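I wanted to know where open space lies in this structure and what surrounds it. My entries follow the structure.

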Amino acid sequence: MTTPIDTTWLQRSFPDLSDFCPLGQGGQKLVLAAKHHRDGEVVLKIVYPKTDPESVRREMLAVQQIQSPRVPRILEHGIADTNIGACVWLREEKVSGETLRNILAAGPLPADGVLRLGLQMMEALEGAERSQIVHRDVKPDNIMRDFAGDFWLLDFGIARHLDLSSLTATALPYGKMTLGYAPPEQCRNFKRDIDSRADLFALGVTMHECATGKNAFFDPPPRDHLELLKRVEQVVLPRVTLPITAKESFRDLIATMTQKNRIHRPRTIGEARLWLHEICESEGLV
Amino acid sequence: MELYLQFGYGMMEHCRTLLRSWGGGSVILSPRDLTDDQLVRFGSDIRDIPGGNVILDPQFYLPHSDHEKLCNHAYWPTDYATTLFWQGQALSRLLDNLRDLNNRVGCSCFVLPGLFASTVDDDWAETQRAILEEARAKSDNASLISTIAISADAVKDANQIADLVERADAWNAPAYYVVCEHPNGQYLVEDPNWIANVLDLCAGLRLAGAQVILGYCTHQMLAANTAGVNAIASGTWMNVRSFPPEKFNATYEEEIRQRATWYYCPEALSEYKIPFLDIAHRLGILQLMAPPPELDGGYATTLFSGAQPSTVGFGEQAAFRHYLHALHEQVRHRNRESFDSAIADCEATLTSAETLLARLRSANIRGGLRDFTEIIDVNRAGLGLFSALRSAVMRRQWDTL
């Protein structure tokens, strides 16, 4: 992978780091794996200068405020002058494992995997809820499973701080989101309606996908994003079956989490987590 | 679930008689039908009945109406030049006057004034919030009941209902008095969407921890049991069994002029004019329409004594008391063990009514606009939608409601 940032500059600017290995590059940032002399395996994110600094600040703030064991910690951050201008950089805890997206390419998760994923993501999202933060982009691409089988929630890049002013223009017809996972109120940019129940919807869709191996909103492939949006707003996800004792309760939970209107979802992440915890208990998983 | 008596024209003696026979109960008083002095005296009468309880509906739905009887109450504002009576000192004074009246009447709770909302919007919601906040500053929060009065169009709009549930969550009132206008002035509502949304609204309020009294109901709202509603209210004439906002305007013409006596057949969930009971009598099927013992208060016994029903002097007084007693018992016997049993109970009532109605209709015994035949499927569809939206959460939370 070629990067716009000079690699010799990297070594010079981050003398505590070694073994740089590019992990990914988007329009907004360069992500590299590296080794830190004290913290071991880490991730270095270098945010390009054109990125809104406030959104970067809020991403950092979100992770710091949530302080969940299921969200990689930011170990250090700063600003560095690079050959492409001044860049904010973050050094984060590295999760070694695979993204849920990659795992799902091989098929659905086993029942205990779905339950563990749900419970651990709810733990992370409950931390966000307590901090008045909505992740807004829960999906398999933003979830990792480490080698111990535990799941991690990544990328708070479009997280919404409910007690801070919005960074998305109110007049925009569509909000920041990933179509096929975001709930109708987020798709339509009904800002006032976005709270932690938006994350519950997205997690419900993700858990459904993990149980069935496919995202039902994409099956069959939509003609375009408008058709996908209509499906999100109108199609009720097929009732899901897991081979567990509490299959009815699990089915009810997923159906409730993915209700179109947020008033019909669990009122809080905590309420949903308690529900899932009871299911896990009945399966002897907790 | 309980049945409250929704006070209306000519109901004083009905209330006294029924509450005595029930060993108590609650009456929602109507300033539109009683002067200040009458409210105080009647409130005292009811409270003298063991287990008797009164609350006062301030009927502030259309504050700019000039309904003569409402305007004569001390609490009713006289100056409409500005909207200021919804804020500041004017609002404070309104609530002081109302609370004073509530105290004199001996009300157990303070029903707050609430505007009739054609649309659930920011302006209406802000007024609701302001009233509740001002009342909280003056009274024990636990005694407050916030009024939610909404138009048929608002009820039919799922987005407005969702918006209302969200806003109410923030208001966090301990109880709500909910009155929903029927579409097109229908006595029995023919729109299943309306039914589902009323249930959805009530369930949303209950799940948020509030008590709910659903005002101005017919027996169609026995279904409210499935939403965990604490009480439904009903009365004698049609205009206290459904909520016609225009009733609070000066120009409203009393329906009382169009008197007819209707017999409520509780197992058919339908009402019939007496000549149809004559037909049933002559066809030998009148006993099918008799109330079962558990719903029978004895008010309609003469109809089934063997004589032709129209000759036994069954009048409106007995008809009203029979209706309210039977409804009281139907409400009392609703199954509340679990959400699923409440739904099953409701469906069983509909199925049983359907069977009886088919038998009666085959003999051309019909209740016209008060016949439940066409409403069976309306309620079924409404319950079906409500279940699809709420069943999982209601099932889990039922014991906490």
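**Pockets**

A pocket here is an open set of points on a 1 Å grid over the protein atoms alone, where a 1.4 Å probe fits, with protein on both sides within 12 Å along at least five of seven lines, and lining residues have an atom within 4 Å of a point. The volume is the space filled by probe spheres set on the points, which are joined across faces, edges and corners.

I noted that this is a predicted model, in which local features need pLDDT of at least 70 and side-chain atom pairs count only at pLDDT 80 or more, while totals for chains, interfaces and linings use all residues. Residues are numbered from 1 along each chain as its sequence is written, chains are lettered from A and ligands numbered from 1 in the order in which they are written, and side-chain values use heavy atoms, with hydrogens and water left out.

Of the 46 residues lining the largest pocket, Gln259(A), Lys260(A), Asn261(A), Arg262(A) and His264(A) are the closest to its centre. Helix α12(B) gives the most to this lining, with nine residues; helices are DSSP runs of H or I with at least four residues, and strands are runs of E with at least two, numbered from the N terminus.

I then turned to the second largest pocket, with a volume of about 840 Å³. Its lining has 33 residues, and Lys29(A), Val31(A), Lys45(A), Leu154(A) and Asp155(A) lie nearest its centre. Here α2(A) gives the most, with four residues.
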